[in-house]
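Please look over the chain below. The paragraphs after it go from the whole chain to its parts and then to single residues.

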Amino acid sequence: MSQTVRGVISRSKGQPVELVDIVIPDPGPGEVVVAIQACGVCHTDLTYREGGINDEYPFLLGHEAAGIVETIGAGVTHVEVGDFVILNWRAVCGECRACKRGRQHLCFDTFNAAQKMTLTDGTELSPALGIGAFADKTLVHEGQCTKVDSAADPAVAGLLGCGVMAGIGAAINTGAVNRDDTVAVIGCGGVGDAAIAGAALVGARRIIAVDVDDRKLHTAREFGATHTINAKDLDATETIQDLTDGFGADVVIDAVGRPETWKQAFYARDLAGTVVLVGVPTPDMKLEMPLVDFFSRGGALKSSWYGDCLPERDFPTLISLYLQGRLPLEKFVSERISLDAVEDAFHKMHAGEVLRSVVVL
């Protein structure tokens, strides 16, 4: 039988979110109902509300979540009732050309639940990133559930479902930061600080944080930045070069995603260095640069989508490191809130007052 629970939805572009009753169907083949314990308030949810993803309103928001598997559908073998899981939006298909070439992190056809959650009047909901976890419970595909150690705090663990994984993965998976590397991170919000934490985890020799907010730069040091640059006061590119013996950093991560910050990253890297774009640009943004500057430098220019992660590989390992005290994931949780405080959390996020507000149920 279906069940009615509370959920946070966005009915139309730019309007405040609403806490309403939603209907969760019984799980079908390959589907799972997860009782949500915690869900982070990610900027992507705000982008959904603002119509920046698509116009398939109403949206059931929330995707950065952890919880307990409550019921499973026919044929489910990936998880069992009672498992503590982090939800992910990369449930790889195993059949597309990327998967068959061993590049599952580029999967083109990730799984979502086949059935729709609805409003009580039957209106179908579009779950954010195929998850929809600002709710007491949600319906997902079994492949969207990654079992991890239940000793982890759900409010902390769920953050690996999106932003924190994106940043750590940008450093470790995409940028391949290694011990003794020099790293610069432009933009010290949640994703940028996660990239800093990732670089520190693998032993980068020098980690340079760049932002225009001294509060964020202070926080960046807590995650492992060895040097900070306020780009309002100093030329970021020149200062990064000065801090790396005039060569530039081995890896520069742009966690902002604007043409001007990408140019800073490009010119702040060593000649054979790597630029990683993890900040998400808007469709209207364009880049104009001399082609000869690309020709005259080696290295690599990469984009990082979800930190090039594989949840089944990365989530359990990172949770283990957190439980060992080697990865300070708990520092990303700025506040714990209730479901009815999501709209206020959006305002705090937009104002740069928090790294992550986390809904706890």
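Among contacts (heavy atoms within 4.5 Å) in the chain between residues at least 6 apart in sequence, 69% join residues at least 24 apart. This is a predicted model, in which local features need pLDDT of at least 70 and side-chain atom pairs count only at pLDDT 80 or more, while totals for chains, interfaces and linings use all residues. Residues are numbered from 1 along each chain as its sequence is written, and side-chain values use heavy atoms, with hydrogens and water left out.

The chain contains 11 helices and 18 strands. Both are DSSP runs numbered from the N terminus: helices are H or I with at least four residues, and strands are E with at least two. The radius of gyration of the chain is 20 Å, close to the 21 Å that the globule rule gives for 361 residues, so the chain is as compact as a globular protein of that length. This radius is taken over C-alpha atoms, and the globule rule is 2.2 Å times the number of residues to the power 0.38. Along the principal axes, the C-alpha atoms fill a box of roughly 65 × 40 × 40 Å.

Of the 361 residues, 53% count as buried. Buried means under 20% relative accessible area, exposed over 50%, and partly exposed in between (1.4 Å probe, protein chains only). The chain exposes about 15500 Å², and carbon and sulfur atoms supply 50% of that area. Such areas come from the Shrake-Rupley method with a 1.4 Å probe; for residues, only the protein chains shown count as cover.

How is the chain divided? Domain 1 takes in 3–161 + 328–360, and domain 2 takes in 166–304; these bounds come from an automatic or database domain assignment. The centres of the two domains, taken over C-alpha atoms, are separated by 29 Å. Between them, 7 residues of domain 1 are in contact with 10 residues of domain 2.

Helix H8 covers residues 259–268, and its buried residues are Pro259, Thr261, Trp262, Ala265, Phe266 and Ala268. What covers these residues includes helix H7 (236–242) and helix H9 (291–295), along with strands S11 (182–186), S14 (249–254), S15 (269–277) and S16.

Isoleucine 172 lies in another helix, H4 (residues 163–174). Its relative accessible area is 26%, so isoleucine 172 is partly exposed. Leaving aside neighbours within four places in sequence, isoleucine 172 is in contact with Val177, Gly198, Leu201 and Val202. The C-alpha atoms of isoleucine 172 and alanine 197 are separated by 10.0 Å, with the two residues 25 apart along the chain.

Some loop residues have backbone angles to note. Tyrosine 57 and proline 58 are joined by a cis peptide bond, with omega about -5°. Proline 58 is in the loop between helix H1 (43–49) and strand S4 (59–60).

Leucine 129 is not a glycine, although its phi is positive, about 50°. The loop that holds leucine 129 runs between strand S8 (126–127) and strand S9 (137–141). Is leucine 129 buried or partly exposed? With a relative accessible area of 21%, leucine 129 is partly exposed.

Aspartate 308 also has a positive phi, near 45°, in a residue other than glycine. Aspartate 308 lies in the loop between strand S16 (300–303) and helix H10 (311–323). The relative accessible area of aspartate 308 is 13%, so this residue is buried.
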